[in-house]
Amino acid sequence: MRAALVEARAALETGDVPIGAVVLDADDATIAVGRNVREADADPTGHAEVVALRAAARAVGEWRLAGCTLVVTLEPCTMCAGAAVLSRVDRVVFGAYDDKAGAVGSLWDVVRDRRLNHRPEVVAGVLAEESAALLEEFFAGHRGGRRT
């Protein structure tokens, strides 16, 4: 999670929401990192999880990421939770809950939907306070129409 927080902080440099992700292999070695790049790349799919999963697939040479763990600072949204399921990661680890858009238990629970053919293990709340504080600080700077 610490590596994901480093990526989240790096997203601030481009004005993106500070969310970071890493993908670990079966030996817990980092094989890919990602951060939000929606602003930097003008890409609506530029979420940290998608960026990291794409990089991991390139690193291992296939789209199936069995044995891997996706670690992200904020609970994944529906798109990212779906990407985790489709990539076949073994587990999803996240920091802060997202009551407004979370799809790993808060608003929806995509990754544990029994109708899907793959259901990764979920570990929630890892360094949640640190992850949430980074987001709160970012959004506090945007109140009143101010942008960073």
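A residue is called buried when its relative accessible area is under 20%, exposed when over 50%, and partly exposed in between, using a 1.4 Å probe and protein chains only. By this scale Glu130 is partly exposed, with a relative accessible area of 31%. The structure is a predicted model, in which local features need pLDDT of at least 70, side-chain atom pairs count only at pLDDT 80 or more, and totals for chains, interfaces and linings use all residues. Residues are numbered from 1 along each chain as its sequence is written, and side-chain values use heavy atoms, with hydrogens and water left out.

Helices (H or I, at least four residues) and strands (E, at least two) are DSSP runs numbered from the N terminus, and two strands pair if DSSP finds at least two bridges between them. Five strands make up an open sheet of mixed pairing, in the order β2-β1-β3-β4-β5. At its edges are β2 (30-35) and β5 (121-124), each of which pairs on one side only. From one strand to the next, the twist averages 15°; axes are lines fitted to C-alpha atoms, for helices over the stretch in contact, and angles run from 0 to 180 degrees between N-to-C directions. Strands of a sheet pair through backbone hydrogen bonds, either parallel or antiparallel. Strand β4 (residues 91-96) pairs with β5 in the parallel sense over four bridges, and Val92 has Val122 of β5 as its bridge partner.

Helices come next. Helix α3 (residues 48-60) lies across β1 (20-24), β2 and β3 (69-74), and runs at about 150° to β2. In helix α4 (residues 78-87), the buried residues are Cys80, Ala81, Gly82, Ala84, Val85 and Ser87. Their cover includes α3, β3 and β4, where contact means heavy atoms within 4.5 Å. Just after α4, Arg88 adopts a positive phi of about 65°.

The loop between β4 and β5 holds Trp108, which is partly exposed at a relative accessible area of 46%. Leaving aside residues up to four places away in sequence, Trp108 touches Thr78, Ala101, Gly102 and Ala103. Thr78 is 30 residues from Trp108 along the chain, yet their C-alpha atoms are separated by 7.7 Å.

Charged pairs complete the picture. Side chains of opposite charge can pair when their charged atoms come close. With a salt bridge taken as a side-chain nitrogen of Lys or Arg within 4 Å of a carboxyl oxygen of Asp or Glu, the count comes to seven salt bridges. One of these joins Arg35 and Glu7, with the closest N and O atoms 3.0 Å apart. This pair links distant parts of the chain, since Arg35 is in strand β2 and Glu7 in helix α1 (residues 2-11), 28 residues apart. Arg35 is partly exposed at 32% relative accessibility, whereas Glu7 is buried at 11%.

Glu130 and Arg9 meet through their side chains in another salt bridge (2.9 Å, N to O). Glu130 lies in helix α5 (residues 128-140) and Arg9 in helix α1, so this pair ties together parts that are 121 residues apart in sequence. Arg9 is partly exposed at 38% relative accessibility, and a network of salt bridges links Arg2, Arg9 and Glu130.

Glu121 belongs to strand β5 and Arg91 to strand β4, 30 residues apart. Both are partly exposed, Glu121 at 42% relative accessibility and Arg91 at 25%.
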